[in-house]
Amino acid sequence: MSDVSGGEDLTEDIIRAHFQLILGRDPSDGEVRNWMASGIPRDRLREAFLRSSEFARSFRNLPGSTEWSPPNGQILINIHIPKTAGTTLVSILKGFYFEEEIIVVHTETLDDLHRMAAADRGKLKVVSGHLVHGLANQFHKKCLYTCVLRSPIDRLFSFYRFLRRSTGHHLNALVLETCQNFGAFVTLACSRPDLRYEVDNGQCRRLAGGFAGSIDAPMEDVFRQSVNHLTADNMIFGVTESFDSYLKILQAHGIIPYTLDMRENTAPDNGTGLLSELKAMNDEEASLLNAFTYWDMRLYDVALTCLAQSPQAQEAYP
């Protein structure tokens with residue numbers, strides 16, 4: 001039997017051995033080439049395989065894994081706030097739940113959920129996507145919400161960079177043509193309702209849900225409702241800056257059996273830092289940015305305060 005321990009340079013034979021011994025299958029030639037091109041150190045390869053989504057999907061079929069199963073009679077609704085490590089969370093959840101137990105939908109594609117046959121809807125245990133609070137009203141089962149918040153200015157800057165590099169996004173061309181910097185992006189959001197919903201205190205709006213989360217609702221009401229939903233008994237939340245600790249909270253609730261160290265859809269380092277972009281803003285742009293993050297910052301502060309006071313969170317957030 002091949003050895004998958006460390007001690008030598010990465011080779012195609014070593015990669016194939018990892019596939020066979022850890023994943024229980026032979027790799028395609030393309031998979032081998034991808035691993036060879038990944039640049040991963042030889043002594044980190046085994047860890048990478050053990051933390052992969054494919055290995056996680058087989059967890060319930062492994063000897064000794066029967067002590068964990070997703071909570072019965074419960075649906076987890078993940079409100080994926082863009083650029084808060086939500087893509088990574090979805091990948092982790094997909095690794096632990098069977099395909100028929102999880103669906104990814106967004107507010108504009110909720111018809112996909114409504115068109116599901118009753119028998120298929122009954123199998124769901126996770127609903128995830130760019131949603132607003134309130135989807136639990138469409139299920140007869142007990143629902144538990146989860147979300148991840150992020151420091152508001154960091155999130156908006158990450159969102160701006162995401163739109164610039166995501167050629168498949170409907171706003172990509174517009175942002176590239178009209179926004180040479182972050183300040184111009186903030187200004188653009190004023191004239192684009194679809195963009196403003198996300199940029200103008202978008203974390204509060206998604207958690208407020210319903211009419212309270214609309215672009216025309218008074219922000220005091222939006223904030224109050226978002227805090228009510230964030231601190232409700234049926235919500236589990238964390239912050240991007242301590243994402244690993246958030247995963248520990250999910251584990252404590254039985255949502256996942258163990259934590260994984262993986263990040264997806266993260267922005268590459270292109271040499272353009274947030275600090276320099278902020279310094280380049282004129283007074284009008286800076287004022288807009290402050291207005292667009294004011295209520296989200298208050299919500300983020302509430303989240304940090306709650307996490308600091310929660311006994312369970314204190315164990316995850318030492």
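## Cavity

A cavity is a set of points, on a 1 Å grid over the protein atoms alone, where a 1.4 Å probe fits but cannot get out. Grid points are joined across faces, edges and corners, and a volume is the space filled by probe spheres set on the points. This is a predicted model, in which local features need pLDDT of at least 70 and side-chain atom pairs count only at pLDDT 80 or more, while totals for chains, interfaces and linings use all residues. Residues are numbered from 1 along each chain as its sequence is written, and side-chain values use heavy atoms, with hydrogens and water left out.

The whole structure was searched, and one cavity of 30 Å³ or more was found. The largest cavity has a volume of about 30 Å³. Its lining residues (those with an atom within 4 Å of a point) are Pro71, Gln74, Leu76, Tyr97, Lys125 and Ile255. By class, four residues of this lining are nonpolar, one is polar and one is charged. Here Ala, Val, Leu, Ile, Met, Phe, Trp, Tyr, Cys and Pro count as nonpolar, Asp, Glu, Lys and Arg as charged, and the others, Gly among them, as polar.

## Overall make-up

The chain has 17 helices and five strands. Helices (H or I, at least four residues) and strands (E, at least two) are DSSP runs, numbered from the N terminus. Of the 318 residues of the chain, 48% are buried; buried means under 20% relative accessible area, exposed over 50%, and partly exposed in between, with a 1.4 Å probe and protein chains only.

Contact means heavy atoms within 4.5 Å. Among contacts between residues at least 6 apart in sequence, 69% join residues at least 24 apart.

## Strands

Two strands pair if DSSP finds at least two bridges between them. Strand S3 (residues 126–129) pairs in the parallel sense with S1 (residues 74–79) over four bridges, and with S2 (residues 102–104), also parallel, over three bridges. In S3, Val127 stands opposite Ile77 and Val126 stands opposite Ile102. In a regular strand the side chains alternate between the two faces of the sheet. Both faces of S3 are covered, with Val126 and Ser128 buried on one side and Val127 and Gly129 on the other.

S4 and S5 run parallel and are joined by five bridges, and Leu149 stands opposite Val239 in S5. Strand S5 (residues 235–239) is largely enclosed by the rest of the structure because five of its five residues are buried. On one side of S5 these are Met235, Phe237 and Val239, and on the other Ile236 and Gly238.

## Cores and helix H5

A nonpolar core is a set of buried Ala, Val, Leu, Ile, Met, Phe, Trp, Tyr and Cys residues joined through side-chain atoms within 4.5 Å. The largest has 67 residues, and Leu93, Val127 and Leu149 have the most contacts inside it. Strand S4 (residues 142–149) gives the most to this core, with six residues. A second, separate core has 21 residues, including Leu156, Val175, Ala189 and Val199.

Helix H5 (residues 86–96) is mostly covered, with nine of its 11 residues buried. Among them are Leu89, Ile92, Leu93 and Phe96.

## Ala217

Ala217 lies in the loop between helix H12 (202–208) and helix H13 (219–230). Ala217 counts as buried because its relative accessible area is 7%. Not counting residues up to four places away in sequence, Ala217 touches Phe211, Ala212 and Val222.

How values were computed
On a 1 Å grid over the protein atoms alone, a cavity is a set of points where a 1.4 Å probe fits but cannot get out, and a pocket is an open set with protein on both sides within 12 Å along at least five of seven lines; lining residues have an atom within 4 Å of a point.
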